[in-house]
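Please take a moment to look at the sequence and the structure before reading on.

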Amino acid sequence: MADRPFPPTTKSPAAANGGGLTANGSFPVTKGQLYGEATRSAAYRPQPMKGSRRRRHRRGCCCRCCLWTTVALLVLLLLIGAAAAVFYVLYRPQRPTFTVTSLKVSYINITSSSSTLSSKFDLTVSARNPNSKLVYIYSPTSVSVVSADGGGVDLGDATIPAFVHGKKNTTVLKTSIASTGQQVDSTAASALKSGLKSKNGLALKIRLETKVKVKIGGLKTPRVGIRVTCGGIRATAPATGKSAFTASTASAKCKVDTRIRIWNWTL
């Protein structure tokens, strides 16, 4: 039997160059390498940090809380303002007024050697409630006579008992104020002596401090501190053995201030 002829075979350049090399001498890229590289690049793509997301979320929550807190405070202030306006229209509240009716000086003695002060006053004050719908309820009231000159020396103290100030009512308050053996410095003692010897007399101030609450129908407000300061009073001490001297109160004017205490501040 004759042999069967076969066509000549041609080797590819890759086979001719060693079986796996391309024309430029490098190995061909396989599918595994191609897809693996793509997967690796996707896997190592930089991701956003989770911490920054938390911070942004936390910052957004704080901003929302601040916004709603501000809105709530504004609404509360509007409601308080509206209630105050309604209260004012309905009741027309007015502050009580005080007038120094009389101040009698029994004696003011200043000892030169030891700079001690002894004094005695009889005070009469008229308190008026101008409101027709409000009643004032006063706590015990502390009263002081203070020199307007000479550094504001306290010349005597007293206390007026608690009282109720009715609607459209005028209440007369009387008290005796005294001081015995009070120590004063030499400068203040000299100023007091000069004031007592002057033609116009010694300038005095009357101070009243108390707390008051307001009764409106069956409701009562919390107590609020008030201070009454009366100035424009002139007095001289009578001679030894003489009757009490009546101070000049024609020019006396009284100012009423509320004193609201918030923590350590008094407004």
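## Ground rules

This is a predicted model, in which local features need pLDDT of at least 70 and side-chain atom pairs count only at pLDDT 80 or more, while totals for chains, interfaces and linings use all residues. Residues are numbered from 1 along each chain as its sequence is written, and side-chain values use heavy atoms, with hydrogens and water left out.

## The overall layout

The protein has 4 helices and 14 strands. Both kinds of element are DSSP runs numbered from the N terminus: helices are H or I runs of at least four residues, and strands are E runs of at least two.

Of its 267 residues, 28% count as buried. Here buried means under 20% relative accessible area, exposed means over 50%, and partly exposed lies in between (1.4 Å probe, protein chains only). Among the contacts in the protein with a separation of 6 or more, 67% are between residues 24 or more positions apart; a contact means heavy atoms within 4.5 Å.

How many disulfides does the structure hold? There is 1, where a disulfide is a pair of cysteine sulfur atoms within 2.5 Å. Its partners are Cys 230 and Cys 254, with their sulfur atoms 2.0 Å apart. The link of Cys 230 and Cys 254 is right-handed, with 110 degrees about the S-S bond. Because Cys 230 lies in strand 10 and Cys 254 in strand 12 (residues 253-259), the pair ties together parts that are 24 residues apart in sequence. Cys 230 is buried, at 0% relative accessibility, whereas Cys 254 is partly exposed, with a relative accessible area of 24%.

Cys 62 is in no disulfide, and its nearest cysteine sulfur, that of Cys 65, is 6.4 Å away. Cys 62 counts as partly exposed, at 45% relative accessibility. Cys 65 is likewise in no disulfide, its nearest cysteine sulfur being that of Cys 62.

## One cavity

Rolling a probe the size of a water molecule over the atoms shows where empty space is left. The search uses a 1 Å grid over the protein atoms alone: a cavity is a set of points where a 1.4 Å probe fits but cannot get out, a pocket is an open set with protein on both sides within 12 Å along at least five of seven lines, and lining residues have an atom within 4 Å of a point. Grid points are joined across faces, edges and corners, and a volume is the space filled by probe spheres set on the points.

The structure holds 1 cavity of 30 Å³ or more. The largest cavity has a volume of about 60 Å³, and its lining includes Phe 98, Tyr 138, Phe 163 and Glu 209. Strand 8 (202-216) and strand 10 (224-235) each supply at least two lining residues, and strand 8 gives the most, with 3 residues. By class, this lining has 7 nonpolar, 2 polar and 1 charged residues. Ala, Val, Leu, Ile, Met, Phe, Trp, Tyr, Cys and Pro count as nonpolar, Asp, Glu, Lys and Arg as charged, and the others, Gly among them, as polar.

The largest pocket has a volume of about 410 Å³. Of the 17 residues that line the largest pocket, Pro 93, Tyr 136, Val 214, Val 224 and Thr 258 are the closest to its centre. Strand 8, strand 10 and strand 12 each supply at least two residues of this lining, and the largest share, 4 residues, comes from strand 8. The lining has 12 nonpolar, 3 polar and 2 charged residues.

The second largest pocket holds about 240 Å³ of space. It is lined by 15 residues, and those nearest its centre are Ile 108, Asn 109, Leu 196, Ala 237 and Pro 238. Strand 1 (97-111) and helix 4 (186-197) each supply at least two residues of that lining, with strand 1 giving the most, 5 residues. By class, the lining divides into 7 nonpolar, 5 polar and 3 charged residues.

## A closer look at Ser 119

Is Ser 119 buried or exposed? Ser 119 is buried, with a relative accessible area of 0%, and belongs to strand 2 (residues 116-128). The side chain of Ser 119 reaches the backbone oxygen of Leu 155 at 2.4 Å.

Leaving out residues up to four places away in sequence, Ser 119 touches Tyr 107, Ile 108, Leu 155, Gly 156, Ile 177, Ala 178 and Ser 179.

Note on methods:
Polar contact = N/O pair within 3.5 Å; in protein donor to acceptor, adjacent residues only side chain to side chain.
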